[in-house]
Amino acid sequence: MHNNKKAFQACVNTPRKLFAVSAMALALSSSLVASVEASDPVKVGILLPFTGTFAALGEATNNGLKLAIEQQGGTLGGRAVEYVVVDSEADPGKAVQNMQKLVSGAKVDVVVGPVHSGVGMGAVKVARESGVPLIIPNAGFNAATGPLCAANIFRTSFTSWQTAFPMGKVAADKGYKNIVTVAWRYGFGTESVDGFKEGFEQAGGKITKEIYLPFPEVEFQSQLTEIAALKPDAVFVFFAGGGAAKFVQDYAAAGLKDKIPLLGSGFLTEGTLAAQGQAADGLLTTLHYADSLGTAENAKFRSDYKQQFGKEADIYAVQGYDTGLLLAQSLQAVAGNTADRAAWIQAMENARIASPRGEWTFSKAHNPVQNVYLREVRNGANVVVDVASAKLSDPAPGCKLEQVAAAAR
């Protein structure tokens, strides 16, 4: 979820050149279509973090991916599967090099990854230049399916806009008129605030003040003092992980919990409830999944995952699982012929994923069109209380995907 400003600027400053390269790469791959040998494995490149801060996220994503493929008989389009794994280390500085290990070195058919948005910038660059399909199972930075969108880039997770925008209407519907926002000042934090702000202002609300902290600062006393003085109707925040756990605890300790409602995108309480304890009770968040989601697919998935891996599934496991379902469905449609990238890409565009989070499809920009749920923390669990936005599609500003696809044809 983290961004890399230098990498972002480098990519955004050359979109036309990259669009042309991406279109050319796709066109060349389409003109060289050849049948592949059924005995050759589909080479799936894995670019996920397996060490460092985000290792647990990479492990869950990888587990979910492999579980889905195993449940499809362990093959993709009738072909065996070979996994080529590169540890991204969640290091943006190594992103291009690591992506090239998979694309140029191992000559994989597709890359799954990354988790980290800073790594995502480098991965997107190489994918656009090479034409190799890239399926992003987590990194939510808007640019991947916005200004840097491409025919061969898909996302099976979310955008930062998508997880925050619906909370704006929820807040307005609750009668809140003036809200203060608090977030880390980095890509995903500022994009989340922008998404919430758009939804809230569309519904007639007003942002009293936007408060930012440097990432990953977790000393919140001055911000809490300012919130108490401003006395807004509610507070919207973006924090995740340890920062989210501490903010929620500090908010309650400052005596604000019962006076000023606290709202957030789902990452505020995702994987942090145990650390937050009773301080989290009653918190409202919006996300495209909740552990307690009452679907048959979710019940089966969670049971299968726990049996296979001995631990509970989380949102990252779901996104990996859905990536596996996408690969299985699309390659079945083209009889495993990864050489015909144009047909394979079209099959991915047409996919309908029967996910634990509810069925979803792709938008024109290759983002999931999916439900975003309103969740309330009750007794240490994120409980779904409503659908905050049904079949929500990110507007993907800046995406010229139709022009890229036309050039490729």
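Tutor: Let us start with burial: a residue is called buried under 20% relative accessible area, exposed over 50%, and partly exposed in between, using a 1.4 Å probe and protein chains only. The model here is predicted, so local features need pLDDT of at least 70 and side-chain atom pairs count only at pLDDT 80 or more, whereas totals for chains, interfaces and linings use all residues. Residues are numbered from 1 along each chain as its sequence is written, and side-chain values use heavy atoms, with hydrogens and water left out.

Student: Is G113 buried or exposed?

Tutor: G113 has a relative accessible area of 0%, so it is buried. To place residues along the chain, we use DSSP runs numbered from the N terminus: helices are H or I runs of at least four residues, and strands are E runs of at least two. G113 lies in the loop between β3 (110-112) and α5 (117-130). Its C-alpha is 6.2 Å from that of I46, although the two are 67 residues apart in sequence.

Student: Where is D322, and how far is it from L65 in sequence and in space?

Tutor: D322 belongs to helix α12 (residues 315-333). Its relative accessibility is 0%, and therefore D322 counts as buried. Between D322 and L65 there are 257 residues of sequence separation, but a C-alpha to C-alpha distance of 7.1 Å.

Student: Which peptide bonds are cis?

Tutor: One of them is the bond from G113 to P114, with omega near -5 degrees. P114, like G113, is in the loop between β3 and α5. The bond from F215 to P216 is also cis, with omega near 5 degrees, and P216 is in the loop between β7 and α8 (221-230).

Student: What is to be noted about phi in K231 and H366?

Tutor: Each has a positive phi in a residue other than glycine: near 50 degrees for K231 and near 75 degrees for H366. K231 sits in the loop between α8 and β8, and H366 in the loop between β11 (361-362) and β12 (368-378). K231 is exposed, because its relative accessible area is 66%. H366 is buried, because its relative accessible area is 0%.

Student: Which strands pair with β9?

Tutor: β8 and β9 run parallel and are joined by 3 bridges, and V235 has L262 of β9 as its bridge partner. Together, β8, α9 and β9 form a right-handed β-α-β unit. β9 also pairs in the parallel sense with strand β10 (residues 284-287), over 3 bridges, where G264 stands opposite T285. Strand β9 (residues 262-265) is covered on both faces, with L262 and G264 buried on one side and L263 and S265 on the other.

Student: How is a pocket defined, and how many residues line the largest pocket?

Tutor: On a 1 Å grid over the protein atoms alone, a pocket is an open set of points where a 1.4 Å probe fits, with protein on both sides within 12 Å along at least five of seven lines; lining residues have an atom within 4 Å of a point. The largest pocket has 29 lining residues, and G241, E270, G271, T272 and Y316 lie nearest its centre. Its space is about 580 Å³, a volume being the space filled by probe spheres set on the points, with grid points joined across faces, edges and corners.

Student: Which helix gives the most to the lining of the largest pocket?

Tutor: That is α9, with 3 residues; α9 (241-253) and β13 (381-392) each supply at least two. Domain 1 (42-158 + 292-362) and domain 2 (161-287) each contribute at least three residues to the lining, the bounds coming from an automatic or database domain assignment.

Note on methods: Pairing = 2+ DSSP bridges. Right-handed = clockwise from strand over helix to strand, strands pointing away.
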